[in-house]
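Subject: Structure handover

Hello,

Here is the structure you asked about. My notes on what turned up in it follow below.

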Amino acid sequence: MHIAVLMLALMTVPNPAWAEAAKPIKLVVLGDSLSAGLGLPAQQAFPTGLQKALQSKGIDVDMTNAGVSGDTSSGGRDRLDWSVPNGTDGVIIELGANDALRGIDPDLTRTALTEIVQRLKARKIAVMLCGMLAPPNYGADYAARFNSIYPDLAKKFGVPLYPFFLDGVAADAKLNQADGIHPTAAGVDIIVRNILPTVEAFIGTIAEQRR
């Protein structure tokens with residue numbers, strides 16, 4: 001009789017905080033062709049590689065690749081609501097490369113990225129920014145205006161920043177496809193390895209907030 005009462009009591013106790021934390025972290029990579037994996041099989045795209053690297057460390061994530069080739073920051077903003085479904089825990093923003101390649105006014109890029117961060121934070125979704133650097137052909141003034149966007153927004157909104165998404169890969173012919181822009185599978189592996197500590201810290205913050 002006592003055992004039955006005890007079992008009934010245990011069944012009515014709500015799940016502890018750690019049980020909630022054990023659920024997979026739902027992440028979306030909101031990006032362009034660099035995350036979409038242009039020129040690569042789907043299993044070699046950045047989000048898939050990142051998910052595998054996290055899982056190899058025992059970090060359970062549900063990763064969605066919301067990369068659209070050719071997308072600008074404004075394009076990412078315009079599709080934000082359907083690209084990031086309800087229930088998403090965190091978004092890794094990888095946008096801006098096409099803005100810089102096309103010489104789009106950095107003020108427009110800054111406005112679009114600002115609105116993306118604001119809208120995600122309003123939905124209580126954690127944000128991590130991946131920085132991008134302007135190519136040198138637009139001059140020092142353009143580069144200064146563009147390159148400052150990411151650290152400025154990270155500081156303004158208190159979100160983590162990985163300073164340059166293509167760090168260790170950009171301008172290395174061995175790590176890029178024939179176009180010189182999009183990473184090979186080996187290049188993606190380097191990006192994943194380099195960004196992993198920042199993503200781990202980002203996920204840790206999300207897990208703590210669940211408690």
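In helix H9, the buried residues are Tyr 142, Ala 143 and Phe 146. Their directions around the axis cover an arc of only 100°, which puts them on the same side of H9. Please keep in mind that this is a predicted model.

The other face of H9, the one turned away from the buried side, carries the exposed residues Ala 140 and Asp 141.

Tyr 138, Tyr 142, Phe 146 and Tyr 150 form one aromatic cluster. Across the structure, the count comes to four aromatic pairs. One of them is Tyr 138 with Tyr 142: the ring centres are 5.1 Å apart and the planes stand at 40°. A pair counts as stacked under 30 degrees and as edge-to-face over 60, so at 40° this pair is tilted.

Tyr 138 is partly exposed, at a relative accessible area of 34%, whereas Tyr 142 is buried, at 9%.

Tyr 142 also pairs with Phe 146. Here the ring centres are 6.2 Å apart and the planes lie at 10°, so the pair is stacked. How far apart are Tyr 142 and Phe 146 along helix H9? They are four residues apart in H9 (residues 139-147), and therefore separated by about one helical turn. Phe 146 has a relative accessible area of 0%, so it is buried.

The structure holds one cavity of 30 Å³ or more. About 40 Å³ of space lies in the largest cavity. What lines the largest cavity? Its lining consists of Ser 33, Leu 34, Gly 37, Leu 38, Leu 40, Ala 45, Phe 46, Gln 177, His 182, Pro 183 and Val 188. By class, that lining has seven nonpolar residues, four polar ones and no charged ones.

Regards

Key. Residues numbered from 1 in each chain as written. Predicted model: local features only at pLDDT ≥ 70, side-chain atom pairs only at ≥ 80, totals over all residues. Heavy atoms only, no water. 1 Å grid on protein atoms, 1.4 Å probe; cavity = no way out; pocket = protein on both sides within 12 Å on 5 of 7 lines; lining within 4 Å. Points joined across faces, edges and corners; volume = space filled by probe spheres on them. Nonpolar A, V, L, I, M, F, W, Y, C, P; charged D, E, K, R; others polar. Phe/Tyr/Trp six-rings, centres within 6.5 Å; stacked < 30°, edge-to-face > 60°. Buried < 20%, exposed > 50% of the residue type's maximum accessible area, 1.4 Å probe, protein only. Helix = DSSP H or I, 4+ residues; strand = E, 2+ residues; numbered from the N terminus. Arc of directions from axis to C-beta.
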